[in-house]
Amino acid sequence: MAQFVLDQLCKHFPEAVEETSAVHGNETAYIKRDAILEVAKYLRDDAALCFDMPIDCTALDWQDQKPQRFEVVYHIYSTTLKHRLRLKIRLDEKDIETPALTQIWKGMNWHERECWDMYGVVFTGHPKLKRILLYEEFEGFPLRKDYPVEGRQPLIEMRDTATVPTEKEITPEMLNRP
Amino acid sequence: MSETALLESEIIVTRRESAEGWLRDAIENFGQKGVNWSRKYSLFSYPFVTACCGMEFMSVSGPRYDIAQYGAEFPRFSPRQADLIWIVGTISQKQAPVLKRVWEQMCEPKWGIAFGACASTGGFYDNYTTVQGADMVIPIDVYIPGCPPRPEQVLDGLRLLQNKIKTESGRVMV
Ligand code: SF4
């Protein structure tokens with residue numbers, strides 16, 4: 001259904017669109033980073049496309065894919081014309097910056113903050129790019145594939161729980177009912 | 001002093017001592033027992049509800065399972081008035097300081113129950129954001145397993161705690 005949207009995109013921005021695909025009705029367009037603001041504005045304002053609702057912003061970490069390790073993914077929807085589109089932007093590991101689409105859709109604000117929180121994608125032009133779910137003291141970005149599984153960063157000193165019996169040490173006496 | 005008199009006085013002394021001991025025991029022990037007994041049936045609970053286990057906690061407090069029959073129905077939403085903290089749900093790293101602050105505000109004597117797998121051990125959230133058991137933050141008296149635990153299990157846990165209060169035993173219960 002949104003094939004029409006992809007066609008329009010390719011027609012208007014032959015330079016900016018790197019690649020499009022439509023699998024099972026998931027219309028996806030890879031957009032060049034430098035053109036994303038322009039493309040987004042066109043998608044929102046054009047009467048025939050009218051994407052007025054931001055759905056989500058997230059990222060992917062293809063750890064082995066160098067140098068374009070990260071992809072930022074946007075989902076948008078049109079409440080009047082009822083079609084959806086997925087935009088993807090490839091980002092370098094060294095230069096992990098992309099324009100914030102909060103400037104186009106206000107509702108992207110917290111999604112982009114979350115994306116920064118979890119993956120460390122820098123959204124330039126974002127009004128308040130700081131951690132949203134994690135605490136300020138947290139170091140690193142936990143959803144990156146190279147974040148250690150055991151990477152805990154407690155805010156307070158943890159108690160020693162060595163005295164608490166493990167499952168094997170529980171005696172029948174402990175299970176005595178009153 | 002004649003032999004018989006010595007014997008008698010010894011007997012008298014022994015009797016008096018034992019009588020005094022009995023009286024002291026009666027006053028102290030019965031007093032303490034009475035205090036323990038009344039504590040055990042008037043637990044003012046502070047529900048520290050953070051996640052899905054809260055639904056089960058509501059069910060326990062509701063009329064069907066009726067935690068009121070054990071004297072623990074009165075939730076105080078101020079830790080200063082509570083003597084039992086229920087940790088119901090996942091404790092995240094961000095929340096650990098809050099939990100600690102709440103616990104420190106409670107007056108002695110105070111007890112803690114870890115309600116559910118998450119509060120007891122971190123559950124299946126073995127990752128960067130979850131504290132691996134509330135006992136890493138505050139001491140816990142009774143651990144109730146389950147995801148979420150059945151209300152019967154919760155009541156059983158409460159009975160365990162009451163037993164612990166009654167006998168003043170220091171051991172951890174499961
Ligand atoms: S133990 Fe299960 S039900 Fe309880 S808070 Fe954890 S995930 Fe939720």
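pLDDT is the predictor's confidence in each residue, on a scale from 0 to 100. Helices (DSSP runs of H or I, at least four residues) and strands (DSSP runs of E, at least two) are numbered from the N terminus. This is a predicted model, in which local features need pLDDT of at least 70 and side-chain atom pairs count only at pLDDT 80 or more, while totals for chains, interfaces and linings use all residues. Residues are numbered from 1 along each chain as its sequence is written, chains are lettered from A and ligands numbered from 1 in the order in which they are written, and side-chain values use heavy atoms, with hydrogens and water left out.

**First stop: confidence in chain A**

Colour chain A by pLDDT. Its mean is 87, and 93% of its residues reach 70 or more. Select strand β1 (residues 17-23) of chain A, where confidence is lowest, at a mean of 87. Then select strand β4 (residues 70-77) of chain A, where confidence is highest, at 94.

**Second stop: salt bridges**

Side chains of opposite charge can pair when their charged atoms come close. A salt bridge is counted here when a side-chain nitrogen of Lys or Arg lies within 4 Å of a carboxyl oxygen of Asp or Glu. Over all chains, the structure holds 16 salt bridges.

Select A:R90 and A:E18, which form a salt bridge whose closest N and O atoms are 3.1 Å apart. A:R90 lies in strand β5 (residues 84-91) of chain A and A:E18 in strand β1 of chain A, so this pair ties together parts that are 72 residues apart in sequence. For accessibility, buried means under 20% relative accessible area, exposed means over 50%, and partly exposed lies in between (1.4 Å probe, protein chains only). A:R90 is partly exposed, with a relative accessible area of 21%, and A:E18 is also partly exposed, at 37%.

A:E19 forms a salt bridge with A:R90, with the closest N and O atoms 3.3 Å apart. Because A:E19 lies in strand β1 of chain A and A:R90 in strand β5 of chain A, the pair ties together parts that are 71 residues apart in sequence. A:E19 counts as partly exposed, at 38% relative accessibility. To view the network of salt bridges around this point, select A:E18, A:E19, A:E71, A:K88 and A:R90 together.

Next, select A:R69 and A:E93. Their salt bridge has its closest N and O atoms 2.8 Å apart. The pair links distant parts of the chain, 24 residues apart: A:R69 is in the loop between β3 (53-61) and β4 of chain A, and A:E93 is in the loop between β5 and β6 (97-99) of chain A. A:R69 counts as buried, at 2% relative accessibility, whereas A:E93 is partly exposed, at 29%.

Show the backbone from A:K66 to A:P67. The peptide bond between them is cis, with omega near -5 degrees, and A:P67 lies in the loop between β3 and β4 of chain A.

Phi of A:C50 is near 55 degrees, a positive value; A:C50 lies in the loop between α2 (36-45) and β3 of chain A and is partly exposed, at 22% relative accessibility. A:K82 has a positive phi of about 55 degrees; its place is in the loop between β4 and β5 of chain A, and it counts as exposed, at 51% relative accessibility.

**Fourth stop: the nonpolar cores**

A nonpolar core is a set of buried Ala, Val, Leu, Ile, Met, Phe, Trp, Tyr and Cys residues joined through side-chain atoms within 4.5 Å. The largest has 43 residues, and those with the most contacts inside it are A:L9, A:L43, A:Y74, A:L85, A:L87 and A:V121. At least two residues of this core come from each of α1 (3-12), β2 (26-31), α2, β3, β4, β5 and α3 (109-119) of chain A. The largest share, five residues, is supplied by α2(A).

Centre the view on A:L9. Leaving aside residues up to four places away in sequence, A:L9 touches A:P14, A:V17, A:A29, A:I31, A:V39, A:Y42, A:L43 and A:L85 (contact means heavy atoms within 4.5 Å). A second, separate core of 21 residues includes B:F115, B:V142, B:I144 and B:L155.

**Last stop: the ligand**

Select the ligand and the residues near it (those with a heavy atom within 4 Å). Its surroundings are B:A51, B:C52, B:C53, B:G89, B:T90, B:A117, B:C118, B:F124, B:G146, B:C147 and B:P148. This shell divides into eight nonpolar, three polar and no charged residues; Ala, Val, Leu, Ile, Met, Phe, Trp, Tyr, Cys and Pro count as nonpolar, Asp, Glu, Lys and Arg as charged, and the others, Gly among them, as polar. Finish at the peptide bond from B:C147 to B:P148, which is cis, with omega near -10 degrees. B:P148 is in the loop between β5 (142-144) and α5 (151-167) of chain B.
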